[in-house]
Amino acid sequence: MITYRIEKYTLSKDRIVDVFLVNEPYQDLVAIKAYSDLEDLDEFIEWLEEMIAEQIPDFSLPGAIIVQGFLWGSVRSKIVELVMHGPCIEKEEFDTKEFLKLCYDWRTFLIEKREGKRP
C-alpha cells in the first residue's frame, strides 16, 4: 500500500513548512511533486484516469515524470530507474489506483498550501 506523511521542515530559524513525503518502499513516487502547477497536475490525473479505464496490461506503457521512469498498467505499474546507455532497472511494483489516490492527495496538499491552510 502506498502511504505518505506530512512533516514539518525547518527552512530557517523562524520559518517552518509542511512537506509531503512518500513512505518506503515507494519513495520514488514522490516524483509526482514535479507537478506543482495545478493545471499540469490535473492534466496528468486525467491521463492517469483514462489509462486506468483503457485496461492497459501491467507494465506495458512506458512513461516518465521528469527523471523518474515508470512502466504503466491499468492495474499494476512499476517504478524503473532510467539508465543512460542501457536497459532500465526495474524497481518496485505499485497499484495504479493507489497512485491515483496519491495524486489527488498531493493536489489537496497543494491547494491547502496556496490557500494558506498549511505553512
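Guide: Buried stands for under 20% relative accessible area, exposed for over 50%, and partly exposed for what lies in between (1.4 Å probe, protein chains only). The model is a predicted one: local features need pLDDT of at least 70, side-chain atom pairs count only at pLDDT 80 or more, and totals for chains, interfaces and linings use all residues. Residues are numbered from 1 along each chain as its sequence is written, and side-chain values use heavy atoms, with hydrogens and water left out.

Visitor: How many helices and strands does the chain have?

Guide: The chain has 2 helices and 6 strands. These are DSSP runs numbered from the N terminus, helices (H or I) having at least four residues and strands (E) at least two. Along the sequence they follow the pattern β-β-α-β-β-β-β-α.

Visitor: And what does the C-alpha trace span?

Guide: Along its principal axes, the trace spans about 50 × 30 × 25 Å. Of the 119 residues, 34% count as buried.

Visitor: What is the order of the strands in the open sheet?

Guide: The 4 strands stand in the order E3-E4-E5-E6, with antiparallel pairing. Two strands pair if DSSP finds at least two bridges between them. E3 and strand E6 (89-95) are the edge strands, each pairing on one side only. On average, neighbouring strands of the sheet are turned by 30 degrees against each other, direction ignored.

Visitor: How many bridges join E3 to E4?

Guide: There are 5 bridges between E3 and E4, which run antiparallel. Leucine 61 has tryptophan 72 of E4 as its bridge partner. On to the next pair: strand E4 (residues 68-72) and strand E5 (residues 76-81) also run antiparallel, joined by 3 bridges. There, leucine 71 has lysine 78 of E5 as its bridge partner, and a hairpin of 3 residues joins E4 to E5.

Visitor: Is E4 mostly covered or exposed?

Guide: E4 is mostly covered, as 5 of its 5 residues are buried. Gln68, Phe70 and Trp72 point one way, while Gly69 and Leu71 point the other way.

Visitor: Switching to the helices: at what angle do the axes of H1 and H2 cross?

Guide: The axes of helix H1 (residues 38-53) and helix H2 (residues 96-114) come within 10 Å and cross at roughly 165 degrees. That makes H1 roughly antiparallel to H2. Axes are lines fitted to C-alpha atoms, for helices over the stretch in contact, with angles from 0 to 180 degrees between N-to-C directions. Angles over 145 degrees count as roughly antiparallel, under 35 as roughly parallel, 65 to 115 as roughly perpendicular and the rest as oblique.

Visitor: Which residues make the contact?

Guide: Among them are Leu41, Phe44, Ile45 and Leu48 of H1, and Phe99, Leu100, Cys103 and Trp106 of H2. Contact means heavy atoms within 4.5 Å. By class, the contact of H1 with H2 has 14 nonpolar, 1 polar and 5 charged residues. Ala, Val, Leu, Ile, Met, Phe, Trp, Tyr, Cys and Pro count as nonpolar, Asp, Glu, Lys and Arg as charged, and the others, Gly among them, as polar.

Visitor: Which strands does H2 lie across?

Guide: H2 lies across E3, E4, E5 and E6, running at about 80 degrees to E6.

Visitor: Which peptide bond is cis, with omega near 0 degrees?

Guide: The bond from glutamate 24 to proline 25 is cis. Proline 25 is placed in the loop between strand E2 (15-22) and H1. Most peptide bonds are trans, and most residues other than glycine have a negative phi.

Visitor: What phi does glutamine 55 have?

Guide: Glutamine 55 has a positive phi of about 55 degrees although it is not a glycine. Its place is in the loop between H1 and E3, and it is exposed, with a relative accessible area of 67%. Phenylalanine 59 is found in the loop between H1 and E3 and has a positive phi of about 60 degrees.

Visitor: Why does phenylalanine 59 count as partly exposed?

Guide: Phenylalanine 59 counts as partly exposed because its relative accessibility is 26%.
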